[in-house]
Amino acid sequence: MTKKSFTGINIQHPISQLILSGEKTIETRTYPIPQKYLGKELLMIETPGKLGKFKSRSVAVIVFEKCFPYKNSTEFYKDKRRHGVDISSPWAWSDEKPKWGWQIKSVHRLKPKSVDKRLGIKFTLDLTP
């Protein structure tokens, strides 16, 4: 039986843990999700960032159902309950870059597995969980 391959999306620790726990239901980025990935299963790659003491690993299959722009900082921070980004966060609102909300439809946890492939900046192709 052939294993299914996925496109992977990198999400930094500890943000990844908020998504896995269900606390974070909107991922924020400075660009919209490519249309071809909306409604598709993506392999969530947890990257260590500055706080993690591990190598990048696959942790879940995630599906995004909707993508929308935030018009201004007021609108962005009104939605803090869903995205969890605080004004003091490195991912806080900036007037220089747009903010997009990627609404999470589902997250299916996997047994964490190291990712041997060199990770792309945004998406990594042909990964197996």
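Author: What follows takes pockets, salt bridges, a peptide bond and a loop residue in turn.

Author: This is a predicted model, where local features need pLDDT of at least 70, side-chain atom pairs count only at pLDDT 80 or more, and totals for chains, interfaces and linings use all residues. Residues are numbered from 1 along each chain as its sequence is written, and side-chain values use heavy atoms, with hydrogens and water left out.

Reader: How do I read a pocket, and what volume does the largest pocket have?

Author: Rolling a probe the size of a water molecule over the atoms shows where empty space is left. On a 1 Å grid over the protein atoms alone, a pocket is an open set of points where a 1.4 Å probe fits, with protein on both sides within 12 Å along at least five of seven lines; lining residues have an atom within 4 Å of a point. Grid points are joined across faces, edges and corners, and a volume is the space filled by probe spheres set on the points. Here the largest pocket has a volume of about 440 Å³.

Reader: Which residues lie nearest the centre of the largest pocket?

Author: E27, T28, R29, W91 and K99 do, out of 19 lining residues. The lining holds eight nonpolar, six polar and five charged residues. Ala, Val, Leu, Ile, Met, Phe, Trp, Tyr, Cys and Pro count as nonpolar, Asp, Glu, Lys and Arg as charged, and the others, Gly among them, as polar. Strands β1 (6–12) and β2 (26–29) each supply at least two lining residues. Strands (E, at least two residues) and helices (H or I, at least four) are DSSP runs, numbered from the N terminus.

Reader: Take R29. Is R29 buried or exposed?

Author: Buried means under 20% relative accessible area, exposed over 50%, and partly exposed in between (1.4 Å probe, protein chains only). R29 has 13%, so it is buried. R29 lies in strand β2. Its side chain reaches the backbone oxygen of N10 at 2.8 Å. Beyond four places in sequence, the contacts of R29 (heavy atoms within 4.5 Å) include I9, P98 and W102.

Reader: How many salt bridges are there in the whole structure?

Author: A salt bridge is a side-chain nitrogen of Lys or Arg within 4 Å of a carboxyl oxygen of Asp or Glu. A search finds seven. K4 and E41 form one of them, at 2.7 Å from N to O. K4 lies in the segment before β1 and E41 in strand β3 (residues 41–47), so the pair ties together parts 37 residues apart in sequence. R57 and E46 also pair, their closest N and O atoms 2.7 Å apart. This pair links strand β4 (residues 57–70), with R57, to strand β3, with E46. E46 is buried at 1%, while R57 is partly exposed at 23%. K24, E27 and R29 are linked in a network of salt bridges.

Reader: Which peptide bond is cis?

Author: Most peptide bonds are trans. The bond from H13 to P14 is cis, with omega near 10 degrees. P14 sits in the loop between β1 and α1 (15–21).

Reader: Where is S94?

Author: S94 is in the loop between α3 (80–83) and β5 (99–114). S94 is partly exposed, at 25%. Its side chain makes a polar contact of 3.1 Å with that of E96. A polar contact is a pair of N or O atoms within 3.5 Å; within protein, one must be able to donate a hydrogen and the other to accept it, and residues adjacent in sequence count only if both atoms are side-chain atoms.
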